[in-house]
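The entries below follow the order in which I looked.

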Amino acid sequence: MAGFFITIEGIDGSGKSTQARLLRDKLVEIGHDVILTREPGGSKGAEEIRSLLLQGNTDRWSAETEILLFTAARRDHVERLIEPALIADQTVICDRFVDSTRIYQGYAHHNLRKLVDKLHNLMIFRNPDLTILIDIDPTIGLKRSFARSNHETRFENLGTAKQSIMRNNFLKLANDFPDRFVVFDGERDFGIIAKDIFSYVTKFNATQTTAKTHNG
């Protein structure tokens, strides 16, 4: 599974961070060299930007400013951590990536999706090989989120109605990129979900590796 880039997406409280850790642990257990990271963050510069984005009032930034901040954080993250790891033939699992920006900033504010895509194509030179979407009812997700002891609640504070819109747009995005997206029901037991994700990831990677070998 060398040089393999996996992202895990979903609305707040979907369990994606838990599943990212469980997937990392299982892959390490069977001998893979894995880096687990997150967005916004993952590098020193990006972590500094993270606090600006995830704390404060929901209207702290305009949508355009948020997109620029997320893109700046992602550029530093890719340059300093993700790309070097992939070049070194490591597997990278990232909790959120550009698809979250497409949803939370691109779709949610006056349809700025084209701006997100344009900046991504201009500044970010890496796309995921596989994106795992953890789908969950927003009511359940927000209950989980607010049960955590965490001060990074700026996006959770958007409320259930907007989280429902985010959920629907995530599912639409999965249809936009069917070659790399796979959707899992996030309302099941964490262990069962983790087992299904691990099985899918190993099979997907084996298929991709075989295809590259034949094409090469």
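**Helix α4 and its surroundings**

I began with α4 and α5, and noted that their crossing is right-handed, where a crossing counts as right-handed if the near helix is turned clockwise from the far one by less than a right angle, and left-handed if anticlockwise. I kept in mind that this is a predicted model, in which local features need pLDDT of at least 70 and side-chain atom pairs count only at pLDDT 80 or more, while totals for chains, interfaces and linings use all residues. Residues are numbered from 1 along each chain as its sequence is written, and side-chain values use heavy atoms, with hydrogens and water left out.

The axes of α4 and α5 (residues 113–123) come within 8 Å and cross at roughly 145 degrees; axes are lines fitted to C-alpha atoms, for helices over the stretch in contact, with angles from 0 to 180 degrees between N-to-C directions. I listed Val98, Thr101, Arg102, Gly106 and Tyr107 of α4 as meeting Arg113, Val116, Asp117 and His120 of α5, with contact meaning heavy atoms within 4.5 Å. By class this contact has 3 nonpolar, 3 polar and 3 charged residues, where Ala, Val, Leu, Ile, Met, Phe, Trp, Tyr, Cys and Pro count as nonpolar, Asp, Glu, Lys and Arg as charged, and the others, Gly among them, as polar.

I then turned to α7 (residues 160–176), whose axis comes within 10 Å of that of α4 (residues 98–107) and crosses it at roughly 130 degrees. That makes α4 oblique to α7, since angles under 35 degrees count as roughly parallel, over 145 as roughly antiparallel, 65 to 115 as roughly perpendicular and the rest as oblique. Asp99, Ser100, Arg102, Ile103, Tyr104 and Tyr107 of α4 make the contact with Gln163, Met166, Asn169, Phe170, Leu173 and Asp176 of α7, and I counted 6 nonpolar, 3 polar and 3 charged residues there.

How many residues of α4 are buried? I found 9 of the 10 to be so, and α4 is therefore largely enclosed by the rest of the structure; buried means under 20% relative accessible area, exposed over 50% and partly exposed in between, with a 1.4 Å probe and protein chains only. Its cover includes β1, α3 (63–87), α5, β4 (130–135), α7 and β5 (181–185).

**Threonine 7**

I located threonine 7 in strand β1 (residues 5–9) and found it buried, at a relative accessible area of 0%. Leaving aside neighbours within four places in sequence, I noted its contacts with Cys94, Phe97, Pro128, Leu130, Thr131 and Ile132.

**Backbone exceptions**

Most residues other than glycine have a negative phi, and most peptide bonds are trans. I noted a cis peptide bond between glutamate 39 and proline 40, with omega about -10 degrees, and placed proline 40 in the loop between β2 (34–38) and α2 (44–54). Aspartate 89, in the loop between α3 and β3 (91–95), has a positive phi near 65 degrees and is partly exposed at 48% relative accessibility. Arginine 96 has a positive phi of about 80 degrees, lies in the loop between β3 and α4 and counts as buried at 10%.

**Whole chain**

Buried residues make up 48% of its 216 residues.

Terms used: Helices (H or I, at least four residues) and strands (E, at least two) are DSSP runs, numbered from the N terminus.
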